[in-house]
Amino acid sequence: MTGESAHHPTASPEDRDLPIGLQRRARRLAWVYLIVAVGLIVWTVFLALSLPKENIEHHYRLTWAGFDLIEVLAIYLTAHMAFRLDARVVFPATVVATLLVADAWFDVTTSATAQAATGALILALAVELPAAAFSLYVAYRVGRRVRELAQLEHLTAHLPDSTSPVEPPRGR
């Protein structure tokens, strides 16, 4: 794209010629990510206060609270970009999915007891992995929509301007 464009990835929703339904879905998606980010902040505070200071590793509590804060940041960025209808939302959404899979893996594999491992596995299967799959789905759908719009823009850029007179073909 060249010059000022109405399809600039950070333009406000009012500057876009996106369908209203698409704008509504993006806003709902943004609210979901924002609510999850706030909920994860509460969970992180709980972990920071309840986990042992040290397990086998030093700074055990700090490790998990820090990791969860990184997840909060990625989820917040996803919400922020979705609110702005920013096509680059695919990047933080993919990061969210990656972090959720890593979180699920380490929750299960670092559990100290069978009961803790079972709880971590249930959380992974019921929450973390479905949320990761959803974030990948969001990234895929937005990426596909951006490619469709880019292709449409490319095709329409090569059409003659409807306001200019069309010259009839010259005969031999």
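**Entry 1: how two helices cross**

I began with a crossing: α1 passes α4 in a left-handed way. The model I am reading is predicted. I looked up the angle next. Helix α1 and helix α4, which covers residues 114-157, pack at about 150°. Their axes are 13 Å apart. Anything over 145 degrees counts as roughly antiparallel. Therefore I wrote down α1 and α4 as roughly antiparallel to each other.

Which residues of α1 and α4 meet? From α1 I found L22, L29 and Y33. From α4 I found F134, S135, V138 and R145. I then sorted the contact of α1 with α4 by class, and noted five nonpolar residues, one polar and one charged.

**Entry 2: the whole chain**

The protein chain has four helices and zero strands. Read from the N terminus, the order of elements is α-α-α-α. The chain has 172 residues, and 27% of them are buried.

I also checked how far along the sequence the contacts reach. I took contacts between residues at least 6 apart in sequence. Of these, 64% join residues at least 24 apart.

**Entry 3: helix α1 by itself**

I looked at the length of α1. This helix has 31 residues. From its first C-alpha to its last, α1 reaches 45 Å. That is close to the 45 Å expected at 1.5 Å a residue.

Which residues in α1 are buried? My list reads Q23, A26, L29, A30, Y33, A37, L40, T44 and L47. L29 and Y33 had already turned up in the contact with α4. I asked what covers the buried residues of α1, and the cover includes α2, α3 and α4.

**Entry 4: α1 against α2**

I turned to the pair α1 and α2. Helix α1 covers residues 20-50. The two helices pack at an angle of about 165°, and their axes are 8 Å apart. That angle makes α1 roughly antiparallel to α2. The crossing of α1 and α2 is left-handed. By class, I noted 22 nonpolar residues in this contact, with two polar and four charged.

**Entry 5: D68**

Is D68 buried or exposed? Its relative accessible area is 2%. Buried means under 20%, so D68 is buried.

I then looked up its contacts, leaving out residues up to four places away in sequence. D68 touches L40, W43, T44, L47 and D103. Among these, L40, T44 and L47 are on my list of buried residues in α1.

**Entry 6: the loop between α2 and α3**

I ended with two residues in a loop. L85 sits in the loop between α2 and α3. Its phi is near 55°. I marked that because it is a positive value in a residue other than glycine. L85 has 10% relative accessibility and so counts as buried.

A87 is found in the loop between α2 and α3 as well. A87 has 27% relative accessibility, so I wrote it down as partly exposed.

Terms used. Residues numbered from 1 in each chain as written. Predicted model: local features only at pLDDT ≥ 70, side-chain atom pairs only at ≥ 80, totals over all residues. Heavy atoms only, no water. Buried < 20%, exposed > 50% of the residue type's maximum accessible area, 1.4 Å probe, protein only. Contact = heavy atoms within 4.5 Å. Axes fitted to C-alpha atoms, helices over the stretch in contact; angles between N-to-C directions. Parallel < 35°, antiparallel > 145°, perpendicular 65-115°, else oblique. Left-handed = near helix turned anticlockwise from the far one by under 90°. Nonpolar A, V, L, I, M, F, W, Y, C, P; charged D, E, K, R; others polar. Expected span 1.5 Å × (residues − 1).
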